[in-house]
Amino acid sequence: MAVSAVSLQHLKKSKDLLCIVILALIAILAFISRLLSVIRFESVIHEFDPWFNYRATQYLVNEGFYKFLTWFDQVSWYPLGRVVGGTLYPGIMITSGVIYKVLHFFNFNIDIRHICVFLGPVFSGLTAIATYLLTSEVCTKSSGLFAAAFVAIAPGYISRSVAGSYDNEAISIFLLMITFYFWVKSVKTGSSFWAACTALFYFYMVSAWGGYIFIINLIPLHVFVLLLMGRYSKRLYVAYSTFYVLGTIGSMQIPFVGFQPATTAEHMAALGTFGLLQIVAFLHFCRTYLSSDSFKTLLKRFLIIISIIGISGFAILQKTGIIDPWTGRLYSLFDTGYAKKHIPIIASVSEHQPTAWPSFFFDLHILVPLFPVGIYFAFKKLTDESVFIILYGITASYFAGVMVRLMLTLTPIVCVAAGIAMSYLFDNFLLSSKSKTTVIKVEESEDIVSSAESLPESPASPKMGSSPTSPKMKSKKTENKSSILTKENETKDNTPTIELKLIVTLSMLLIFCMYVWHCTWVTSNAYSSPSIVLASRNRDGSQHIIDDFREAYYWLRQNSAEDAKIMSWWDYGYQLAGMTNRTTLVDNNTWNNTHIATVGRMLASNEENAYVLLRRHDVDYALVMFGGAIGYSGDDINKFLWMIRISEGVYPEQVKEENFYNSRGEYRVDDSVSPTLRDSIMYKMSYYRFKDLYPNNQAYDRVRGTPVYSKPIQLSIMDEVYSSENLLVRIYKIKKPDNIGRSLQSAAIFNSGRRRKRNRKSRKD
Amino acid sequence: MKTLFLFTLILQLACFIFAKTNSLSGNRVLVILDKEEDKKEYSIFFKSLKERGFDLSYTTASNEKLEIIKYEESLYDHLILFAPETDYYENDINAKQFIEFIDKGGNILLAANENTGTIIQDLLYEFGAKVDEPKFTVFDNFVHNSTTPNVLAIEELENKISLDKLEAPVLYYGTAIKSSNKNPYAKPLLVGGPAAYSWDDTVVNKAPLVTGNNIVLVHTLQAINNSRIVMTGSTKMFTDKYINSPVKINDKTYKKSGNLDFITNISKWTFQEKKVLKVVSSKHHKVGETERPEYYTIKNNMHYEIEIAEYNDGVWQPFNATDIQLELIMLDPYIRVTLKQQPITNPNSSTYAIDLMVPDHCGVFTFKVDYRRYGLSWIKESDVIAIHPLHYNEFPRYLIQGLPYYFGAFSMLVGFIIISILALYHEDDSSNNKVNKEASTKKKTN
């Protein structure tokens, strides 16, 4: 025994070293695989939201923290302005701001843009480590390494964390995992230190992403389920009480969250669980002083009274409006049709659509079948931690099914579960029986040590319930001690043959190769496009870059007055603000539905009505995306029905969706176009002079796949000032009112020389 | 905008100094006539213009050298269009050029007559006016000059722009103008009497275009850029003959018609010699400060001040009004107040000011003085400035109603410290304590 102890010690050390090396490599891999977008294109900020985060970070770095905290952005949401400090999660900006300051303190004069671009990849490396920690806390170290390796390249996560994707999610998945790690650890150890760490990272998470709601509901759910399972323990009590109190106080420091933890329905579960836990703790305290019979009656009555008070109190508070009702986004999580019916602005975002099943495979690949296996193993060894993993897995997979965007929260837990599954598989099939038993021994001895350490502090976990020792629990109790024996027995009983091992191992390796292959392919093809630069292939296979967005934005930056106001649909608001540095009417922070609806109404109105609105909002330029010339399907005409629906929700009198369908009820842009659609300035701005590009009326819209309306389009309230190379972005300047008091239509007719003839004619009559 | 204004101001000043006219926009006048000979007919009018310091150039509509805009620059400051009968002007000059001329700040005095050609008709159409058909002239069987038959004598002004009332009736002979009423900037200055009608003597089977008060004789238009346009349906009213003609209506007789007085005044108005307003300065700042702030915070007290001068016949005077309003607009006006005139200290201008509290609403506001009165130049002074919400350190603190909370917080602090001290330094009977502890752990393990 003594000899083997030394060798074991030695083995353990080298194993630790190996583990660290592997983990470091995984982290580096996670970083590197996300650089494809920079290599393919350039070091730019991607998509839409990141542009705002980038602009906010610039503001933070230039103006300092306190100014940032109370930043009133007067160039967005003109003329309402936006209280940015109070309406954003500042975590990501502060993170990069701090990194920037630290680097500059050491005289690394790195540009803030590069920090922003590379923040996502760096934090993905950290996510891999956090996943490792969480998994190894729940299962074994080897499963942790598997999970880390999975999460490092899982496409579902890469989609939001490639270089340049400077979004809240980039850092918050790391925060999610590390918070859960500390939570699991604090439940396991019952140490208030780890619980405080959980609260700290929870606070960080609150500052970084609205997804913190997931944490503040999942952890109470975990506690609640543990209570139901009769697994109340002092460890749980200490962990949750510490976490809830510190975490809530912390979260209230974020201006955007403020008093929400005390007033909104989303946070009530956490508060209720906190109260319940106190009651359970009190009951346990009572139990030590009461006989079991009187305790039972006490428990019954107490529970009835509490539940009545709790539920009715919640209902009354919600009815009276003290607790805010659930937000629409939350409703849409439970009823997928809700948003479509009531809040088109939420439904219009493609991220908020229910997930199509292929995208599960696309984003997770082999992890999909491995996920239930991991959950199965978690059920098999039902500890407090594995309950957590199960709950996380179940809730996250539900939510991922409801909203594409929440695939992101599912990915890590799938990786964890898959890691657990794989490590079990390889434990049984990869190693020779001899070395395997030693490994198991090492791990089990570790377990014994750790559980022995925690023993005095928290004796025996199952305590709840009047007759607590079910056979399952009993076996659990003894599991630690007898596990070596049973495991050895198992392995002896059904040791797989070499052939079987070889087949399983090789096929698993093959699957891994396919996974890596798939992940790399998805990363390079689907998720590395910055979406402000489009890439297409020429016929000979060479890459053709379509850079219309930046071209047009740059034109605006160079050619418009500094205080020019630019009207576009809200999708482009952040990019416009970030790239052109001009005032926008609406942007991707969709906080004011009415204002967005007004912009929708402008675009859906005819020229005369639109002009009144445009003047009222002091608009100087209008910008539309038009993909008809090159076949870019995400253009404004395709989004137009959503704009109409959104504005119809606010202005049902002025905008009516059915008017935009032609007599056959179709949404068409060719000669059968509905007159209302044809008169709308969105249509006019999109197709204005498009016909002239093609000879003999052969103009063809490559997105809608139809010829376009054959009569020329008259546009009198604005001038076309710029159209990008592929006609993707079209910019119009709104005319000033006519100097001598004519209507602009009439002035335009006069200027085109058509009036003179008509005038003459009428005189002859 | 401001620099442009300053520039034009300097230009105007320069013109003023060198040419000594009273016009603010310059002294170059182009007179376009149908025929060279017509010049003589208007000699009194032209002479009076020359006396006022204008530099008159004469040309005919069919002159090959006719030019009003060259290299995108106006060659003249004012136009007198006395060539209604020419159908096509030389060098393809048409209504478009005239409108462009107006857009560049030029003023036009236009006269049509009963044989108005297409160019002038087109132009009038753009101004929101229409002349009656050829050969139709305005008659009024009750109010007409007995000495010159078929000539209207108008005694009253419809709108007062440059003179308050007519000393003597204005003689008018020409076609009727019909205002479309669509143009918000146009207003009739002189209209026919209730019994007036438009009629063609030779053909009797056609109904008149307009009758009665709807007959506009002299129409005015002030464009957004404050260019002024006067249209009339009579070239004759400018002629020496009509100016000198005695007037006899019913039993009243006048030695001379009021035409010279009238056309002098309308030409003064048209050529920016009268009733020109300008904003000398406008500023706003927080009460107690002097500089425009970068932004206001909600509920700030602010001071708004605007200095306005009125120009009349070569002198800048204080402008007196009681209805100048300031608006604070964010989509809708949040505040609309009448500015108070301050005691006049400057002989050339008057100051209007007000102290007010900015709205309790954050956003980007337009502070706007939009003063538009008929006959006066349009004043539109606007400034866009943001109103911020309170900053993190600007909220009121230590409120009386907050006292219970302060007490709660601090008592909690103190209590916590006391309990901590007690817990740390309190010593129970040691043996008792131990027994208790053991008992409790035993119970727990059970």
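Student: What should I know about numbering and the model before I start?

Tutor: Residues are numbered from 1 along each chain as its sequence is written, and chains are lettered from A and ligands numbered from 1 in the order in which they are written.

Student: Where in chain A is confidence lowest, and where is it highest?

Tutor: pLDDT is the predictor's confidence in each residue, from 0 to 100. Where pLDDT is low, the predicted coordinates should not be read in detail. For chain A the mean is 83, and 87% of its residues reach 70 or more. Helices (H or I, at least four residues) and strands (E, at least two) are DSSP runs, numbered from the N terminus. Confidence in chain A is lowest in helix 23 (residues 433-454), at a mean of 43, and highest in helix 10 (residues 192-208), at 94. Over residues 434-491 of chain A the pLDDT is below 50, and this stretch has 55 contacts (heavy atoms within 4.5 Å) in the model beyond near neighbours in sequence. Residues 761-765 of chain A also stay under 50, with three contacts beyond four places in sequence.

Student: How do helix 7 and helix 25 of chain A cross?

Tutor: Two packed helices are described by the angle between their axes and the distance between the axes. Here axes are lines fitted to C-alpha atoms, for helices over the stretch in contact, and angles run from 0 to 180 degrees between N-to-C directions. The axes of helix 7 (residues 141-153) and helix 25 (residues 498-527) of chain A come within 9 Å and cross at roughly 30°. That makes helix 7 of chain A roughly parallel to helix 25 of chain A; angles under 35 degrees count as roughly parallel, over 145 as roughly antiparallel, 65 to 115 as roughly perpendicular and the rest as oblique. From helix 7 of chain A, A:Phe146, A:Phe150 and A:Ile153 meet A:Phe512, A:Tyr515, A:Val516 and A:Cys519 of helix 25.

Student: How many disulfides are there over all chains?

Tutor: A disulfide is a covalent bond between the sulfur atoms of two cysteines. With the cut-off of a pair of cysteine sulfur atoms within 2.5 Å, the count over all chains is zero. A:Cys519 is in no disulfide, and the nearest cysteine sulfur, that of A:Cys415, is 8.6 Å away. A:Cys519 is also buried, at a relative accessible area of 1%; buried means under 20% relative accessible area, exposed over 50%, partly exposed in between (1.4 Å probe, protein chains only).

Student: Which residues does A:Ser531 contact, leaving aside its neighbours within four places in sequence?

Tutor: They are A:Glu47 and A:Phe549. A:Ser531 lies in the loop between helix 25 and strand 3 (534-537) of chain A and counts as buried, at 19% relative accessibility. A:Glu47 is 484 residues away along the chain, yet the two C-alpha atoms are separated by 5.3 Å.

Student: What is the strand order in the open sheet of chain A?

Tutor: Two strands pair if DSSP finds at least two bridges between them. The five strands of this open sheet have the order 6-5-7-11-10, with mixed pairing. Strand 6 (583-584) and strand 10 (718-723) of chain A are the edge strands, each pairing on one side only. Helix 26 (residues 548-559) of chain A packs on the sheet, touching strand 5 (565-567), strand 7 (621-625), strand 10 and strand 11, and its direction makes about 175° with that of strand 7 of chain A.

Student: Which residues in chain B have a positive phi without being glycine?

Tutor: One of them is B:Asp92, with a phi of about 55°. B:Asp92 is in the loop between strand 5 (78-82) and helix 4 (95-103) of chain B and counts as exposed at 56% relative accessibility. Another is B:Asp313, with phi near 50°, which counts as partly exposed at 33%. B:Asp313 sits in the turn of a hairpin formed by strand 20 and strand 21 of chain B, with two residues between them. Strand 20 (residues 301-312) and strand 21 (residues 315-318) of chain B pair in the antiparallel sense over four bridges.

Technical notes: Predicted model: local features only at pLDDT ≥ 70, side-chain atom pairs only at ≥ 80, totals over all residues. Heavy atoms only, no water.
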